[in-house]
Amino acid sequence: MNTDPFHLNLLSEAEKMSSSPIRLRIMMPILALLAVAGIAIWWGTLTTQLLMTRAKCSSVREELAAKKSDHDAIVGSMNLANEEAAQLQQLEMYRAGCVRWGETFAAMAESLPVKMQLVRLEMPEPPPQVLHDPKNPKKPPLLGPTNDTEQVSLVITGRAARDTTVVAFMESLDGAAFTNRLGRAAVRSVQQESQPAKRGEQRLLAFELECSAIGRRFAK
Amino acid sequence: MSSSPFQNMAPNARRSFLVTFVLGAVAACFYMFAVQPAEEMLTKAQKEYEMEESRLRVVNANLKGAPKNKARLEQLAADLKPFRDEMLEPLLGSYAMRAKSELEALAFGAGLSGLDYEELPPRALPLPRPMPVQLHARRPVRITAHGSYMGAISFLMRVEKEHPLVALQSLAISTTTDPDVQQISMVFEWPTKGRKSK
């Protein structure tokens, strides 16, 4: 007896072309389930990391709290050191502006020619400090000057018998004793006195000299 | 009669589709309401941790530097001592009185007489960087006296020797009717405490 072979085809038309031996209706829920599981693992990892980070953070905070009092003391002493360093810097500026004049004036007395008399020796006061902004007077004054140098000068008024005496005195002010202290002396005025000091004496020359001097520089 | 493709599906396929849809929705909700907030919280916690960690590093470095800072403070105290010793503090509310108590003996020793002391307004010092809270200033005191030129210079030299931080600001020596007696005016400056910068 010859019978045709029985062939049962259970594949749908769409499944015929698929390379996967597993059907889509089985794969789709499995993939969705895997996605849910993956997200759950992701969340678990993040939560674990979060808990670990929080634990580390709280342990660092505890350590900081334990060291707080010691650290506050150190910070206080560091602030004090910084404040004192800044104060010292300003006081060093003051010291830099201190100029010794005693030796110079003593030398001046020694270098005075015989036939000369000093009438007045003056080192004028420095001009007043300008701490207000002239353009904006309503602005609060500055705490310190912007210029760190003060000019110093000497005004020497005297009498001498001759002009050569005055010149000799001016030359002596260029000597070694006044180096780094006084600049070149300049004549402000010279005039013959109208009357001699005593009857029978010769008329004297009244002179006024001005010397620039080493400036005071308030800078470290 | 028309019907949706969902109704035409085989029961197995329909169930599969529903399960997939439900699981997808669960995954999306899980991502939105659990994973994303957890990520944000973790980022925030990591930032906090890094901040605290850097604070701890600074604290440890500061604590480690404590002996060095102590030595620095001692050095500063030693450097400041000459200034603090020479600082002009008011006596009975007057700087002139303090100057008098400091300089009177030197002036008499140099042969000056008729001494008078006058307090002048302070002069500000240039500001250093960084600026201290307690500023210092120059306190001028004018001293007028009678005496010889050499007496005045002797007084000046004694002041400069005994008080190295006292500086001569200005000077005027002028003759009087008596040739042996000069009218002397000197302005000396002391370092003194000034305003507070803050």
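What pattern does chain B follow, read along the sequence? Chain B runs α-α-α-α-β-β-β-α-β-β. That makes five helices and five strands, where helices (H or I, at least four residues) and strands (E, at least two) are DSSP runs numbered from the N terminus. The radius of gyration of chain B, taken over C-alpha atoms, is 41 Å, well over the 16 Å that the globule rule gives for 198 residues, so chain B is more spread out than a compact globule. That rule is 2.2 Å times the number of residues to the power 0.38.

A word on the source. This is a predicted model: local features need pLDDT of at least 70, side-chain atom pairs count only at pLDDT 80 or more, and totals for chains, interfaces and linings use all residues. Residues are numbered from 1 along each chain as its sequence is written, with chains lettered from A and ligands numbered from 1 in the order written.

Back to chain B. The C-alpha trace spans about 140 × 45 × 25 Å along its principal axes. The domain assignment, automatic or from a database, gives domain 1 (5-64) and domain 2 (88-196). Their centres, over C-alpha atoms, are 79 Å apart.

Now chain A, helix α4, residues 163-172. Its buried residues are A:Thr165, A:Val166 and A:Phe169. Buried means 20 or more other C-beta atoms within 10 Å of a residue's own; exposed means 12 or fewer; partly exposed is in between; C-beta atoms are placed from the backbone. The three cover an arc of only 100° around the axis, so they sit on the same side of α4(A). That arc is of directions from the helix axis to the C-beta atoms. The face turned away carries exposed A:Thr164 and A:Glu171.
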